[in-house]
Amino acid sequence: MKIGAALVAALLLALNLGALVAVALRAEHSAGWGGADWAALRFTLWQAALSALFSVALAIPVARALARRRFGGRRALIVLMGAPFILPVLVAVVGLLALLGRNGILNDLLGLVGLPRLQIYGLHGVVLAHVFLNLPLSVRLLLQGWARIPSEHLRLQAALGFGGLARFRLIEAPMLARILPGTLGVVFLICLTSFAVALTLGGGPRATTLELAIYQAFRFDFDLGRAALLAAVQAGVGLAALLLLARLARPEAGAVGMDRPAPAPPGGLARALDATAIGLAALFLLAPLTLVILRGLPYVAGLPPVIWWATGRSLLVAGASVLLLALFAGLLTAAALRRTWPEILGASALVASPLVIGTGLFLMVNPWIDPQRLALPVTALVNAAMALPFVLRALIPAARRAEADFARLSASLGLSPLAHWRLVLWPRLRRPAGFALGLGAALSLGDLGVIVLFAQTGSETLPMEMHRLLGAYRSGDSSGAAVLLLGLSLGAFVALERLIGGRDAEA
C-alpha cells in the first residue's frame with residue numbers, strides 16, 4: 001500500500017509539475033507578459049469570483065429550505081437538481097442556449113411582446129453557465145452543514161421561544177461561517193480552470209480566461225513559453241486561493257446529538273419562502289435540461305455514423321478513467337488514514353491546467369512514440385487526475401471516521417489488514433465510493449479538454465464531435481448528440497452508484 005501510494009504521488013507530481021516543466025523547457029523563447037494576458041487574468045478572477053459568490057449565495061436559501069422541509073419526492077428532487085453538476089458542460093450550454101440563446105424560448109417570448117432580446121454571450125453568459133453547473137454542488141455541500149446541526153439545539157431554541165432571526169444568528173450562522181469558505185473555495189477553483197464554458201459562451205477576446213488563452217497559445221500559435229507562463233500564473237492564483245482558504249477555515253464545533261427527529265419547522269411565511277426557493281431553483285436547473293431532451297430526442301436516431309463511433313471512444317475513455325481513478329483513490333485513501341499529504345496532493349489537481357498536463361505528457365513521450373497515437377489514453381489519465389479531488393473528498397472523511405471508530409476493535413480481534421479492509425472499511429465506503437466513481441465516469445464522458453488539442457481523424461470523442469456540430473451550426477444533430485451525451489452520463493453515474501454503492505445508494 002505504501003509503495004503504491006508513493007507511486008501514485010509521484011505520478012500526480014509528474015502530471016501537475018513535471019508537465020509544466022516539460023512545456024517550459026521546450027519553449028523556443030521566453031515569453032513576456034502583455035496587455036492581453038493581464039486582461040485574461042482579470043477576466044478569469046472576476047468571472048470565477050462572481051460565479052462562486054452567486055452560486056453559494058443562491059444555494060443558501062435552497063439548502064436551508066431542503067434541510068428543514070420534508071415532502072413527497074424530496075429525495076428524487078435533490079437527485080434531479082444535482083444533475084447539472086454531473087452532466088457534460090456542453091449539454092448544459094446547449095440547454096441554456098435553448099432557453100436564453102438567440103433563438104431560445106425566452107427570447108422568442110420577449111420578441112412577441114416587443115421587448116429587446118437577451119444576449120447570453122460574454123461575462124454574464126459565462127457566469128450564468130457556471131452558476132447553473134455549480135449551484136447543485138453548493139447546495140449539496142451546504143446541506144451537509146445543516147445535517148450536522150444536532151436536533152437538540154433546534155428543540156432548545158424552540159423551547160426558549162427563539163424567532164427565526166435568533167435561530168439563524170445563534171445556530172445557523174456559526175455553521176455557515178465554518179462551511180462557507182470551503183464551499184466558496186471549491187467553486188472558485190472549479191471556475192478558475194473552466195475551459196468549455198469560456199470557449200462556447202465567451203463571445204470574443206474580451207471574455208478570454210487563462211485556460212482559454214493557454215488553449216490559444218497551444219492550438220493557434222504553438223507558443224509553449226507563453227502557455228507555460230499562463231499556466232504557472234493560473235496555478236499560482238489557485239495555490240493562493242487554497243492558502244487563503246486554509247487560513248479562513250474554522251474547525252468543527254464538535255457538537256453531538258442523539259439522532260432524535262428535529263422539531264417541526266415553522267409554517268406560514270417561512271413555509272412559503274422555502275417553497276419559493278425550492279421551486280425557483282428546480283425551475284432554473286431543470287428547465288434547460290428538459291429543453292435539451294425535447295429538442296434533441298427526435299434527432300437521436302438520425303445521427304451520422306461518426307457520432308456513434310465517437311460515442312464508443314468516449315465510453316472506452318471513461319471506462320479506463322474510472323479504473324485509474326479507483327486505483328489512485330484506493331491507494332491514497334489508505335495512505336490518508338495516517339497521513340495528511342494525500343488529501344493535499346489530490347486537491348492540487350484543482351489548480352492545474354488540463355491542457356498543460358496533456359501537452360507536457362505528449363512532449364515527454366514524443367521522442368519515443370507518435371503522440372497522436374496516445375490521444376485517448378492520455379485523455380483518460382488526465383480525466384482521472386482531474387476527478388481525483390472530488391473522489392478523495394468523498395472517501396477520506398468516511399474512511400477516517402470508520403478507522404477512528406473500529407481500528408482498536410479490529411486490532412483486538414486480530415484482524416489482518418485485508419480482513420479489516422473487507423469487513424470494516426469497505427462496507428462504510430461503498431456508498432461514497434459508488435457516488436464518487438459514478439461522478440468520475442460522468443465527468444470523463446463530458447470532458448472537452450485535452451482531446452481538443454491533439455485528436456485527429458479517428459480519435460474524436462463525443463463531446464468533441466458535439467462541439468464541432470455546434471460550430472457548424474448543425475443545431476439538429478448537436479441537439480441529438482446532447483441528448484445522447486446526457487443519457488450516457490446519467491446512465492453511467494446511476495449504474496456505477498448502484499453497482500458499487502448498493503441498491504439503496506443515494507446520489
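The structure is a predicted model, in which local features need pLDDT of at least 70 and side-chain atom pairs count only at pLDDT 80 or more, whereas totals for chains, interfaces and linings use all residues. Residues are numbered from 1 along each chain as its sequence is written, and side-chain values use heavy atoms, with hydrogens and water left out.

The protein chain has 21 helices and zero strands, where helices (H or I, at least four residues) and strands (E, at least two) are DSSP runs numbered from the N terminus. Of the 507 residues in the chain, 52% are buried; buried means under 20% relative accessible area, exposed means over 50%, and partly exposed lies in between, as computed with a 1.4 Å probe on protein chains only. Among contacts in the chain (heavy atoms within 4.5 Å) with a separation of 6 or more, 82% are between residues 24 or more positions apart.

Empty space was examined next. Rolling a probe the size of a water molecule over the atoms shows where empty space is left. On a 1 Å grid over the protein atoms alone, a cavity is a set of points where a 1.4 Å probe fits but cannot get out, while a pocket is an open set with protein on both sides within 12 Å along at least five of seven lines, and lining residues have an atom within 4 Å of a point. Grid points are joined across faces, edges and corners, and a volume is the space filled by probe spheres set on the points.

Across the whole structure, three cavities of 30 Å³ or more are found, and the largest cavity has a volume of about 710 Å³. Its lining consists of 31 residues, of which Val89, Ile190, Thr193, Leu443 and Asp447 lie nearest the centre. Helices that each supply at least two residues of this lining include α5, α9 (164-192) and α18 (417-445), but α17 gives the most, with four residues. By class, the lining of the largest cavity has 21 nonpolar, eight polar and two charged residues; here Ala, Val, Leu, Ile, Met, Phe, Trp, Tyr, Cys and Pro count as nonpolar, Asp, Glu, Lys and Arg as charged, and the others, Gly among them, as polar.

The second largest pocket holds about 1000 Å³ of space, and of the 36 residues that line this pocket, the closest to its centre are Leu97, Tyr121, Leu470, Gly471 and Tyr473. At least two residues of the pocket lining come from each of several helices, among them α13 (269-296), α20 (462-471) and α21 (475-501). The pocket lining divides into 18 nonpolar, 15 polar and three charged residues.

The structure holds two aromatic pairs, in which rings of Phe, Tyr and Trp (its six-membered ring) have centres within 6.5 Å, with planes under 30 degrees apart counted as stacked, over 60 as edge-to-face and the rest as tilted. The ring centres of Phe132 and Phe284 are 5.8 Å apart and their planes stand at 90°, so this pair is edge-to-face. The pair links distant parts of the chain, since Phe132 belongs to helix α7 and Phe284 to helix α13, 152 residues apart. Phe132 counts as buried because its relative accessibility is 0%, whereas Phe284, at 27%, counts as partly exposed. Phe435 and Phe493 also form an edge-to-face pair, with 5.7 Å from centre to centre and 85° between the planes. This pair likewise links distant parts of the chain, with Phe435 in helix α18 and Phe493 in helix α21, 58 residues apart. Phe435 is partly exposed at 24% relative accessibility, and Phe493 is buried at 4%.

Helix α7 also contains Ser138, which is buried at 0% relative accessibility and, leaving aside neighbours within four places in sequence, is in contact with Ser55, Val56, Ala59, Thr183 and Val187. Leu123, placed in the helix α7 as well, is partly exposed at 28% relative accessibility, and touches Phe43, Trp46, Gln47 and Leu50 when residues up to four places away in sequence are not counted.
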